[in-house]
Amino acid sequence: MDGPYEHPYPSPELAAAHPFVEYAFERHSDEEMAQRARAFREESERRRSVRLFSPDPVPRELVEEAVLAASTAPSGAHKQPWTFVGTRDPEVKAAIRVAAEEEERVNYLQNRMNDEWLEALAPLGTDHHKEFLEVAPWIVVLFEQRFEQRSDGTTRKNYYVKESTGIAAGMFITAIHRMGLATLTHTPSPMAFLRRLLGRPDNERPFVMFPIGFPLDGARVPDLRRKPLDEVFVEVDRLE
Ligand code: IYR
């Protein structure tokens with residue numbers, strides 16, 4: 001517990017007022033760290049967003065594991081300001097598809113997306129058809145909790161809600177990929193209809209929707225390239 005710090009954390013006063021435990025941190029050898037880093041990076045590189053799902057069922061337990069993994073995300077004041085709402089009900093999925101396609105028809109066919117946007121999407125070939133919302137065995141909608149609604153009727157503020165929920169979304173996607181499933185970060189826009197269709201309270205706002213399942217056999221994806229390291233990482237090694 002000795003080290004470079006003048007100010008201990010927790011301070012004795014803090015530790016007296018709030019519980020602290022020792023972090024069960026496991027330190028790996030240098031070689032093992034390099035190996036784990038590479039393995040995770042390579043597995044991450046194999047992930048692709050999928051738009052053609054197989055109807056093969058996915059057990060609820062797998063979705064639960066992904067939600068629990070995502071819920072380990074750091075969040076503002078540890079408020080965990082998110083709710084994952086899952087459905088595998090054909091009628092609910094069909095209603096979501098109908099509502100999503102209604103919005104997307106306006107986006108794609110009635111100029112709610114401008115030409116620059118449509119041009120950016122051209123290589124992905126997306127359009128207003130969202131059949132996958134019915135075919136995929138699960139739809140999970142991640143809601144952000146704009147504020148905390150307590151069971152006694154009182155409310156509390158949440159902090160950094162979008163940042164926190166965004167991190168949870170990333171971890172959810174990673175968990176789904178790592179267990180051998182596929183998903184798509186889908187944001188039918190606007191998506192307020194999801195709150196109504198899924199019967200969520202008004203402190204919750206849909207953040208992103210995830211169809212989840214196995215890719216259809218032979219599913220194809222755009223031949224995308226990812227930015228090389230020097231386009232996404234800069235080290236600053238002296239004070240400017
Ligand atoms: N929400 C629309 C449009 C769309 C927008 C972006 I930015 C994408 O990367 C993909 C699609 C849709 O889901 O089709």
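## A tour from the sheet to the ligand

Begin by selecting the four strands that form an open sheet, where the order is β1-β2-β6-β5 and the pairing is antiparallel. At the edges of this sheet are β1, residues 82–87, and β5, residues 182–183, each of which pairs on one side only. As you look around, keep in mind that this is a predicted model.

Next, select residues 138–145, which make up strand β2, together with residues 204–213, which make up strand β6; these two strands run antiparallel and are joined by eight bridges. To follow individual pairings, click on tryptophan 138, whose bridge partner in β6 is isoleucine 212, and then on glutamate 144, whose partner in β6 is arginine 205.

Stay with β6 and bring β5 into view, because the definition of pairing asks for at least two bridges between two strands, and β5 and β6 pair in the antiparallel sense over two bridges. One place to look is alanine 182, which has glycine 213 of β6 as its bridge partner. Is β6 mostly covered or mostly uncovered? Strand β6 is mostly covered, since nine of its 10 residues are buried.

Now select residues 60–70, which form helix α3; this helix packs on the sheet, where α3 touches β1, β2 and β6. If you compare directions, that of α3 makes about 170 degrees with that of β1.

Move on to helix α4, residues 90–109, which has 20 residues and reaches 27 Å from its first C-alpha to its last, close to the 28 Å expected at 1.5 Å a residue. An α-helix has 3.6 residues a turn, so residues three or four places apart point the same way. After the helix, select asparagine 111, which follows α4 and has a positive phi, near 65 degrees.

Finish at the ligand, and display the residues that surround the ligand: Glu104, Asn107, Leu121, Leu124, Thr126, His186, Thr187, Pro188 and Ser189. How many residues of each class does the shell around the ligand have? If you colour this shell by class, you will see three nonpolar, five polar and one charged residues.

Technical notes. Residues are numbered from 1 along each chain as its sequence is written. This is a predicted model: local features need pLDDT of at least 70, side-chain atom pairs count only at pLDDT 80 or more; totals for chains, interfaces and linings use all residues. Two residues are in contact if their C-beta atoms, placed from the backbone, lie within 7 Å. Axes are lines fitted to C-alpha atoms, for helices over the stretch in contact, and angles run from 0 to 180 degrees between N-to-C directions. The expected span of a helix is 1.5 Å times one less than its number of residues. A residue is near a molecule or strand if its C-beta atom, placed from the backbone, lies within 6 Å of it. Ala, Val, Leu, Ile, Met, Phe, Trp, Tyr, Cys and Pro count as nonpolar, Asp, Glu, Lys and Arg as charged, and the others, Gly among them, as polar. A residue is buried if 20 or more other C-beta atoms lie within 10 Å of its own, exposed if 12 or fewer, and partly exposed in between; C-beta atoms are placed from the backbone.
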